[in-house]
Amino acid sequence: MKTYQELTKKERKEEMERLQALYDAERAKGLHLDMTRGKPDATQLNLSMDMLLQNPYDLIYSRKGTDVRNYGELAGVDEAKELFADLLGLKMENIIMGGQSSLALMYDMMIKAIVLGVYKGSKPWGQQGPLKFLCPAPGYDRHFRITQEFGMEMITIPMTPHGPDMALVKQYAESDPAVKGIWCVPKYSNPQGYTYSPETVEAFAALKPAADDFRIFWDNAYSVHELYDEEVRLADIFELAKKYGTEDNIFYFASTSKITFPGSGLAIMAASERNLDQIRPILATQTIGYDKINQMRHVKYFKTADGIRKHMKSLAGMLRPKFEMVEDTLDRHLSGYDVARWTNPKGGYFISLYVERGCARRVYQLARSVGVALTPAGATYPYGRDPDDSNIRIAPTFPEVAELKTISKILCNCIKIAAAEKYLKNFN
Ligand code: PLP
């Protein structure tokens with residue numbers, strides 16, 4: 001088989017006509033398919049419904065005897081902290097149970113740092129002149145929206161299969177006090193599904209930032225989200241940081257959004273004692289307490305960290321066929337053409353697809369015109385600008401398997417059309 005680059009001009013024109021005919025046939029169907037956001041489908045959500053069927057009177061008292069229907073226990077009930085500590089390998093005294101969205105917590109910590117400062121910072125970030133933030137990319141679009149909203153200059157750090165390019169991270173963080181932090185999705189990264197290697201995690205722990213108020217926003221959103229039986233292990237950043245005396249550099253986040261209910265789950269933050277001593281009084285001004293009834297609902301339902309792991313295995317059974325359908329279809333229709341490459345994650349929520357340089361926006365438009373909504377090209381980069389115009393985030397969790405087959409086939413056709421157009425143009 002010839003790659004697109006190897007085709008003669010005549011062969012390319014013929015291939016283009018063939019692809020266009022397929023494309024027109026799909027467009028005539030008037031499809032409305034959506035693969036824009038990473039969210040669970042109703043079957044996955046149904047798996048947690050029994051959590052809501054518990055007798056509410058069994059949830060009222062925490063083991064300390066607190067009536068969870070009332071104010072109190074600002075940082076959350078002990079048993080919820082213990083559950084997360086066991087699940088994530090954290091210490092329960094380092095955890096704050098904070099509402100139902102980790103993204104909201106991250107946004108909140110960013111505002112607090114800008115307006116009020118962080119532990120050991122001489123001044124709030126916002127009083128220190130222009131601010132910079134490191135953004136491993138492709139990455140999570142909503143992280144980038146936060147730093148953009150607060151007017152920080154976002155510095156793109158290329159991602160590798162082992163994590164962000166640590167030589168660059170070190171260079172920026174250790175030379176410029178205006179660099180206040182970095183976004184990280186260390187396990188099953190959004191969108192590649194990469195897990196940071198032990199060396200990368202250690203390099204983060206060893207970082208000696210120029211700013212004394214630098215923070216690593218360690219967003220472990222996909223901490224227990226394996227697709228296969230084999231568990232991918234992420235090194236313990238707090239343990240390694242202890243070795244280097246850098247525990248204060250870390251703000252750790254996680255949630256049950258992709259475990260139970262997005263928007264109605266539990267979110268946590270973990271940080272060093274010194275960070276928490278600075279954060280707790282600020283939090284006490286902001287709220288008298290988060291939703292402890294929901295904390296008890298989760299604790300009583302799952303009981304142990306193993307209870308959550310077992311639940312995640314059932315979810316994996318639902319998600320695996322979806323990921324495999326996308327990967328198999330891409331393989332079947334694109335292998336050998338040399339017009340795209342993609343990741344094959346062992347967990348998480350996304351696949352990262354790279355099409356021909358300069359073609360991602362065209363692929364997005366072509367798919368849209370056929371009735372297939374994709375995450376906009378560029379969304380995975382700071383400012384929505386992919387310098388190569390090549391990356392597309394694939395979110396296979398929501399559509400049904402049969403729909404994913406249709407979407408993936410259409411996507412392959414759009415990728416080929418965009419590549420054929422590019423090479424035809426270059427030929428003339
Ligand atoms: N962090 C990452 C990396 C995500 O991919 C997502 C959702 O897609 C979130 C955070 C959102 O988490 P939450 O629902 O807890 O706000």
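1. Ile111 sits in helix H4, which spans residues 102–115. Keep in mind that this is a predicted model. At 30% relative accessibility, Ile111 counts as partly exposed, and together with Val115 and Leu116 it makes up a nonpolar surface patch of about 250 Å² accessible area.

2. A ligand nitrogen is 2.5 Å from a side-chain N or O atom of Asp219. A ligand oxygen is 2.7 Å from a side-chain N or O atom of Ser102, and a polar side-chain atom of Lys258 is 2.9 Å from an oxygen of the ligand. On its own the ligand has 400 Å² of accessible area, and the protein covers 89% of that.

3. Most peptide bonds are trans, and most residues other than glycine have a negative phi. Here, Ala137 to Pro138 is cis, with omega near 0°; Pro138 is in the loop between strand S3 (132–137) and helix H5 (141–149). Asn190 and Pro191 are also joined by a cis bond, omega about 10°, and Pro191 belongs to the loop between strand S6 (179–184) and helix H7 (198–206).

4. As for positive phi, Tyr188 has a value near 45°. This residue is in the loop between S6 and H7, and it counts as buried because its relative accessible area is 2%. Glu73 has a positive phi as well, near 55°, in the loop between helices H2 (42–46) and H3 (78–88).

Terms used: Residues are numbered from 1 along each chain as its sequence is written. This is a predicted model: local features need pLDDT of at least 70, side-chain atom pairs count only at pLDDT 80 or more; totals for chains, interfaces and linings use all residues. Side-chain values use heavy atoms; hydrogens and water are left out. A polar contact is a pair of N or O atoms within 3.5 Å; within protein, one must be able to donate a hydrogen and the other to accept it, and residues adjacent in sequence count only if both atoms are side-chain atoms. Accessible areas come from the Shrake-Rupley method with a 1.4 Å probe; for residues, only the protein chains shown count as cover. Patches are made of residues with over 30% relative accessible area and no salt bridge: like charges are joined within 9 Å, nonpolar side chains (Val, Leu, Ile, Met, Phe, Trp, Tyr) within 5 Å. A salt bridge is a side-chain nitrogen of Lys or Arg within 4 Å of a carboxyl oxygen of Asp or Glu. Helices (H or I, at least four residues) and strands (E, at least two) are DSSP runs, numbered from the N terminus. Buried means under 20% relative accessible area, exposed over 50%, partly exposed in between (1.4 Å probe, protein chains only).
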